[in-house]
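Dear colleague,

I am handing over the structure below, and after it you will find my notes on what was found. Please read them alongside the coordinates.

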Amino acid sequence: MDSNSSSARHQRDGSPSSQDIQQRKSETPYSRSPELRVSHKLAERKRRKEMKELFDELRDSLPVEKNLKTSKWEILSKGKSNIRKGRDKEW
């Protein structure tokens with residue numbers, strides 16, 4: 001029997017060998033169908049756009065210079081500080 005034949009790559013218990021599994025992985029690099037990949041890509045793009053819009057809204061509501069590029073970390077930190085200042089005024 002040829003050492004490259006399919007039955008030669010199976011282990012004694014009938015399960016596929018690691019070589020057989022690697023070959024299958026290289027033939028199908030993605031577990032999702034092309035339609036699912038496109039759908040996921042579009043959903044992820046929409047999620048990132050919505051997150052950017054929310055960060056922009058939060059940045060615009062904070063006392064930071066509007067013309068400077070502000071990092072997300074800075075936007076969240078300033079937002080947190082403003083919330084605490086607002087709570088302190090209420091108490």
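**What was found**

Of the 91 residues in the chain, 11% count as buried. Please keep in mind that this is a predicted model, in which the chain averages a pLDDT of 79 and 73% of the residues score at least 70. Confidence is lowest in helix α1, residues 18-27, with a mean of 65, whereas helix α2, residues 34-61, has the highest, at 94.

As to the fold, the chain holds three helices and zero strands, so that, read from the N terminus, its elements run α-α-α.

The largest pocket has a volume of about 150 Å³, and the elements that give two or more residues to its lining are α2 and α3, the latter covering residues 72-90. The largest share of that lining, four residues, comes from α2. The residues that line the pocket are Lys52, Phe55, Asp56, Arg59, Lys66, Leu68, Lys69, Thr70, Lys72 and Ile75, and they divide into six charged, three nonpolar and one polar.

With best regards

Methods:
Residues numbered from 1 in each chain as written. Predicted model: local features only at pLDDT ≥ 70, side-chain atom pairs only at ≥ 80, totals over all residues. Heavy atoms only, no water. pLDDT = per-residue confidence, 0-100. 1 Å grid on protein atoms, 1.4 Å probe; cavity = no way out; pocket = protein on both sides within 12 Å on 5 of 7 lines; lining within 4 Å. Points joined across faces, edges and corners; volume = space filled by probe spheres on them. Nonpolar A, V, L, I, M, F, W, Y, C, P; charged D, E, K, R; others polar. Buried < 20%, exposed > 50% of the residue type's maximum accessible area, 1.4 Å probe, protein only.
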